[in-house]
Amino acid sequence: KKETRARKPKADPDAEGSAKMCKASALKKVFFMSEELLPKDADDGHLRLEMFFHPGHGKEALFITHPDGRMMELVAFTEPRRSWFVDSEVCSNGRIYMTAPVDPTFLALHHLRKHCAQRAISLDNIAVEEASTSRLLNEILDPGNLKCVADVKSSGEQKFYKYNQERTLAWLALKTRQVAKILKEKQVHCGHSAQSQNFVRSEKLVAENVSNEMDYTRMACDYVGRYLDADLHGLLTSYLHIPSEIQAIVEEKAASQKRKSVAGKNEGSDSKKIKLNESDAAAKLKSSGLVDSDGDPNATITSPTAAPLKERSLTAKEKALAKGAKGTKSIASFFKAK
């Protein structure tokens, strides 16, 4: 007897490809980071992803710390319906993560204002129960930078810090001016109205529309204020004498109306000059005799009458021909119908 064996169906290459295509884990993320931030040697340490309190957000946020003490904020850019292809896998988390360097002093300010406003305290005694805060103040932060925002008192080898608002505002104002200088060098538009560089007619027009210094200072203050408490950001705005956006818009409209009024006065003076030039021209025409002397300067120009043409005298030959032609008929008379 012949044995019948079931044949296996041939493998479908498309089915194999679909089987290999699986969904990547959500732990796979896409980072854009400078190579300078990556440790060159494994012995130097590794980058750490940690949570610290963010004063601007009012809650904890993700930061990346470097073994040499540098700190970077983890900024996420996300759009709806975005995915990534990682090798042969699909990553449903389509966010783009980028790193932005941050001065740890901005994060330490929140804790200094909270615990060291009334009395000087050592960094070891500030928020001992919070592990992240203790690491920030004792391991990452450079204590020498705190002299810009606090009064430092020493007792032996131990140092105590008390928050100083005047020093803090002066230091933040210096940071704001540095950011404004960079914005100006990069030619970032900081005005209230939108501006497109693609539809600017000339470089001269771009120079005329450059935002003023206060616009640069306001935007720089907003950048610095992202890492400050809301009340401290308000104090910095008052310290730099930055008007509110509504007040700035009102002042800008008033300035534009003033420019229009000045332009209107200039146009009026130009029209007066044109009228004076017209009266001078009319006086010259009057003296030339082309206009009536008794008329007004706006009288119409009278063109001189043409002199009658004199009859030309005939020569002797032309007189003889005319005399011989008397009594003759023209050739056209022969063709007239009878």
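**Exercise 1. Is W171 buried or exposed, and which ring does it pair with?**

Keep in mind as you work that this is a predicted model.

Step 1. Start with accessibility. W171 has a relative accessible area of 11%, and buried means under 20%, so W171 counts as buried.

Step 2. The whole structure holds 4 aromatic pairs. In one of them, the ring centres of F106 and W171 are 5.1 Å apart and the planes meet at 40°, so this pair is tilted.

Step 3. F106 belongs to helix α2 (residues 104-115) and W171 to helix α4 (residues 165-185), so the pair links parts of the chain 65 residues apart.

Step 4. Check the partner and its surroundings. F106 is buried too, at a relative accessible area of 9%. Together with Y227, F106 and W171 make up one aromatic cluster.

**Exercise 2. Describe helix α4: its span, its start and what covers its buried residues.**

Step 1. From first C-alpha to last, the 21 residues of α4 reach 30 Å, close to the 30 Å expected at 1.5 Å a residue.

Step 2. At the start of α4, N164 brings a side-chain oxygen to within 3.1 Å of the backbone nitrogen of E166. After the helix comes Q187, with a positive phi near 55°.

Step 3. Among the buried residues of α4 are L169, L172, A173 and T176. Their covering includes α2, β9 (158-163), α6 (213-225) and α7 (230-239).

**Exercise 3. In what order do the strands of the open sheet lie, and which stand at the edges?**

Step 1. Read across the 5 strands: the order is β1-β7-β4-β3-β2, and the pairing is mixed.

Step 2. Find the edges. β1 (30-32) and β2 (48-54) each have a single partner strand, so one side of each is left without a neighbour in the sheet. From one strand to the next, the twist averages 40°.

Step 3. β2 and β3 (residues 59-65) run antiparallel and are joined by 7 bridges; L49 has I64 in β3 as its bridge partner.

Step 4. α2 lies across β2, β3, β4 (71-77) and β7, at about 45° to β2. Helix α3 (residues 131-140) lies across β2, β3 and β4, at about 105° to β2.

**Exercise 4. Which residues does I96 contact, leaving aside neighbours within four places in sequence?**

Step 1. Locate I96 in strand β7 (residues 96-102).

Step 2. Its contacts are V30, F32, V75, A76, F77, R82 and W84. I96 is buried, with a relative accessible area of 13%.

Definitions and conventions
Residues numbered from 1 in each chain as written. Predicted model: local features only at pLDDT ≥ 70, side-chain atom pairs only at ≥ 80, totals over all residues. Heavy atoms only, no water. Helix = DSSP H or I, 4+ residues; strand = E, 2+ residues; numbered from the N terminus. Buried < 20%, exposed > 50% of the residue type's maximum accessible area, 1.4 Å probe, protein only. Contact = heavy atoms within 4.5 Å. Phe/Tyr/Trp six-rings, centres within 6.5 Å; stacked < 30°, edge-to-face > 60°. Expected span 1.5 Å × (residues − 1). Polar contact = N/O pair within 3.5 Å; in protein donor to acceptor, adjacent residues only side chain to side chain. Pairing = 2+ DSSP bridges. Axes fitted to C-alpha atoms, helices over the stretch in contact; angles between N-to-C directions.
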